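This note sets out, in numbered points, what may be said about the charges and the overall fold of the chain shown here.

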Amino acid sequence: MYSTATGDGPPLILVHGLGSNGETWRGILPALAVGRRVIAIDLPGHGRSPAEHDSATFDGLARSLEAFLVEQDFARADLVGSSLGGRLVLEMARRGRAGSVVALDPGGFWQGWERTFLRTTLQASGALLRGLHGMRAVMARNPATRTMLLAQLSAHPWKLDGDTVAAELESLATTKTFSGLVNNLATAPMQSGPAAWEDCRIAVGWGRHDRLCLPVQAARAMAAFPNARLHWFEHSGHFPHWDEPDATVRLIRETTAG
């Protein structure tokens, strides 16, 4: 599994979401790397990590992530995940493979019509981005078209860095396991808990304006992981590390301190 590391100190593993890669964290990497060795991974089938035989399923990605943590001696490292990555780090906590965990707008807590909504909107977005081809970067760097493309993921897309958005959209459009993962996530059982270790500190961060993993799902996450702390990002959509980077860094530092 491909990864990049920056900083020195206790390890902090960053796990991106569906169709993304480790570059999604670059806006908060410098702050997180103060006193920490921060490792941003590319999940199999994403970025620079080739797909494995089961990488189009949540169970397959969880298997790969657990194997990576064990092989690299990170089995009790602190983990941060966004979206699909948020669900993956909660799963690692459930398996006893994590120290402290921060899950940002984690997937896996959809019910009923929300599953159809997830599959329909994500598949449509993926098809749109693939059809845009060379226009993706141009649209990502224009505040007006960036807002149209990211309305479901950000509370204020016009404020975001165009280069960061362009890289994200390119990754979403070129991830070959994207459609398979969307179908799998929309039909798989809901994420279960709780953490295997009672001393595993967990924070679940949720954007008040998340239009993909709807805020109502936060209560289900807390029911599954009753020892977790719930933090609301009042001015964020699905990506708090983009919409409220300073608040995201604070939450990560508070949760993983010590």
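This is a predicted model: local features need pLDDT of at least 70, side-chain atom pairs count only at pLDDT 80 or more; totals for chains, interfaces and linings use all residues.

1. A search of the whole structure for salt bridges returns 14 of them.

2. Asp54 and Arg63 are joined through their side chains in a salt bridge, with an N to O distance of 2.8 Å. Asp54 has a relative accessibility of 15% and therefore counts as buried, the cut-off being under 20%. Arg63, at 34%, counts as partly exposed.

3. A salt bridge also connects the side chains of Glu91 and Arg94, at 2.7 Å from N to O. Both residues belong to helix H3 (residues 84-94), where they are three residues apart, about one turn of the helix. Glu91 counts as buried because its relative accessibility is 4%, whereas Arg94 is partly exposed at 31%.

4. The Glu91 and Arg94 pair should be read together with its surroundings: a network of salt bridges links Glu66, Glu91, Arg94, Arg95 and Arg97.

5. Arg136 and Glu170 form a salt bridge in which the closest N and O atoms are 3.1 Å apart. This pair links distant parts of the chain, since Arg136 lies in helix H5 (residues 135-140) and Glu170 in helix H7 (residues 162-174), 34 residues apart. Arg136 is buried at 8% relative accessibility, and Glu170 is partly exposed, with a relative accessible area of 36%.

6. As to secondary structure, the protein chain contains eleven helices and seven strands. Its radius of gyration is 17 Å, close to the 18 Å given by the globule rule for 258 residues, so the chain is as compact as a globular protein of that length. Taken along the principal axes, the C-alpha atoms fill a box of roughly 45 × 40 × 35 Å.

7. On burial and surface, 57% of the 258 residues of the protein chain count as buried. The chain exposes about 10600 Å², of which carbon and sulfur atoms supply 55%.

8. How much of the contact set with a separation of 6 or more comes from residues 24 or more positions apart? Such residues account for 72% of those contacts in the protein chain. The salt bridge between Arg136 and Glu170 is one instance of a link between distant parts of the chain.

Note on methods. Residues are numbered from 1 along each chain as its sequence is written. Side-chain values use heavy atoms; hydrogens and water are left out. A salt bridge is a side-chain nitrogen of Lys or Arg within 4 Å of a carboxyl oxygen of Asp or Glu. Buried means under 20% relative accessible area, exposed over 50%, partly exposed in between (1.4 Å probe, protein chains only). Helices (H or I, at least four residues) and strands (E, at least two) are DSSP runs, numbered from the N terminus. The radius of gyration is taken over C-alpha atoms; the globule rule is 2.2 Å times the number of residues to the power 0.38. Contact means heavy atoms within 4.5 Å. Accessible areas come from the Shrake-Rupley method with a 1.4 Å probe; for residues, only the protein chains shown count as cover.
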